[in-house]
Amino acid sequence: MARGVRLIFAALLLTMLLGHCSGSFIGVCYGRNADDLPTPEKVAQLIQLHNIKYLRIFDYNAQVLKAFANTGVELMIGIPNLDLLSLSQFQSNADTWLKNSILPYYPATKITYITVGAEVTEGKNNASAFVVPAMRNVLTALKKAGLHKKIKVSSTHSLGVLSRSFPPSAGAFNSNYAYFLKPMLEFLAENQSPFMIDIYPYYAYRDSPSKVSLDYALFESSSEVIDPNTGLLYTNMFDAQVDAIYFALTALNFRTIKVMVTETGWPSKGSPKETAATPDNAQTYNTNLIRHVINDTGTPAKPGEELDVYIFSLFNENRKPGLESERNWGLFYPDQTSMYNLDFTGRGAADTTTETNITSSNGTTWCIASTKASQIDLQNAIDWACGPGNVDCTAIQPSQPCFQPDNLASHASYAFNSYYQQNGASDIACSFGGTGVKVDRDPSYDNCIYMRAGSNKTVVNNTTAISSTPSSSEKAMSPWISSFLLVPCVFLLLNVGRV
């Protein structure tokens with residue numbers, strides 16, 4: 001009896017921890033259709049500086065794959081549409097491609113997805129007939145290499161694959177694409193691969209401003225749009241478009257396929273008629289998107305459902321044709337400074353991206369880490385500040401208010417500013433070998449309070465206390481459960497059967 005109770009408890013705890021260990025993530029697309037971009041090696045440093053863990057590239061460029069070796073960044077790589085014919089014709093072509101283009105860099109470079117073709121229905125030369133055969137051949141090549149369980153195969157699509165997207169419950173795939181969509185969906189379901197969709201509320205607003213409100217497109221709407229068929233309430237267009245895909249999949253009885261958003265974003269500049277393409281709107285959209293995803297909000301039709309999203313794009317791409325907005329989706333300038341403040345953790349964390357030497361109206365300045373600093377330089381600077389520099393670095397330790405986001409740039413910013421303020425807020429006190437920069441905006445966030453001029457110590461608040469009074473049994477269980485939560489999920493998975 002006791003063993004049975006322990007097994008039931010273990011199963012319940014396992015379920016709880018699996019939810020705790022998984023979660024939605026935010027990645028970034030790294031397009032390179034430009035002639036002014038930094039080298040892939042510098043891009044890899046930039047990605048790590050901002051604690052970005054997931055990156056999508058649109059090809060399998062060798063220099064890029066090399067640059068991300070041993071970084072821990074998970075890469076989604078792409079097979080361009082021009083390669084689909086060759087890979088679809090012969091299995092040997094896919095085998096050779098994998099051997100020459102992927103295997104030399106794996107597993108040092110952490111490749112987790114291969115996209116076979118991109119938005120094929122939008123291309124002038126429709127290559128959709130080659131997509132599924134190429135996907136099958138690539139998967140077979142991965143199986144031969146023993147990598148089919150580590151690298152997922154899929155293909156990306158525009159929202160144009162739907163014939164209807166509103167209301168979301170009426171979402172339906174365009175029957176003109178049934179000849180390749182049905183076998184593709186069967187492939188995805190069989191191999192537990194996601195359906196990849198590119199979603200851009202910006203275009204919906206730009207092309208129909210009288211039907212779509214800007215606030216609704218930016219996650220800022222205070223009103224709700226009701227789906228008349230389901231009664232579900234939508235406060236933003238992103239959720240509505242994602243759910244339209246889910247309903248379209250359900251209509252074809254593909255209920256187990258998960259949706260992944262492989263592109264979304266907002267341009268910071270446009271042509272005179274593209275009045276919504278501004279830095280403020282881009283910052284608002286991407287900030288709200290990140291918070292929405294990181295909080296595992298899910299969508300009205302899939303509340304709490306994991307939804308992984310990639311923001312487009314890392315840099316502006318000056319070689320892209322079309323309207324001005326097409327060249328201005330970037331999050332960073334070529335010199336690796338930020339277009340606008342953006343926190344990839346979704347926590348409203350300290351801004352470590354804006355670099356300026358202009359003081360505020362009352363003369364107050366702070367010192368933070370430079371976006372151009374290398375990881376090694378930041379770590380050395382933190383070690384010095386928290387050691388010989390006599391900075392109290394308690395606040396950036398685990399469970400303390402400035403520990404999250406857990407990356408060198410954020411921790412260095414806190415340590416740099418403490419030293420800077422303690423030593424007269426002079427220029428030399430913010431040098432740190434060139435890794436520190438002065439800013440006129442208070443970097444404090446949530447309960448992480450940055451020291452300012454005139455203060456002699458930082459404020460450290462422990463916000464982990466439980467306000468309610470636990471029962472005696474809860475008091476006994478809480479320390480055990482808290483310590484157990486620290487055990488890696490994989491350990492629990494391996495040992496649950498031994499209870």
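**Figure 1. Phenylalanine 432 is a buried residue.** Its relative accessible area is 12%. Buried means under 20% relative accessible area, exposed over 50%, and partly exposed in between (1.4 Å probe, protein chains only). Tryptophan 384 is partly exposed, at 37%. The model is predicted: local features need pLDDT of at least 70, side-chain atom pairs count only at pLDDT 80 or more, and totals for chains, interfaces and linings use all residues. Residues are numbered from 1 along each chain as its sequence is written, and side-chain values use heavy atoms, leaving out hydrogens and water.

**Figure 2. Aromatic pairs in the protein.** Rings of Phe, Tyr and Trp (its six-membered ring) pair if their centres lie within 6.5 Å; planes under 30 degrees apart count as stacked, over 60 as edge-to-face and the rest as tilted. The count by this rule is 23 aromatic pairs. One joins tryptophan 384 and phenylalanine 432 edge-to-face, with 6.4 Å centre to centre and 75° between the planes. These two residues are 48 residues apart, so the pair links distant parts of the chain.

**Figure 3. A cluster of rings.**

**Figure 4. Charges over rings.** A charge sits over a ring if NZ of Lys or CZ of Arg is within 6 Å of the ring centre and within 35 degrees of the ring normal. Arginine 32 places its charged end over the ring of tyrosine 30, 5.8 Å from the centre.

Key. Helix = DSSP H or I, 4+ residues; strand = E, 2+ residues; numbered from the N terminus.
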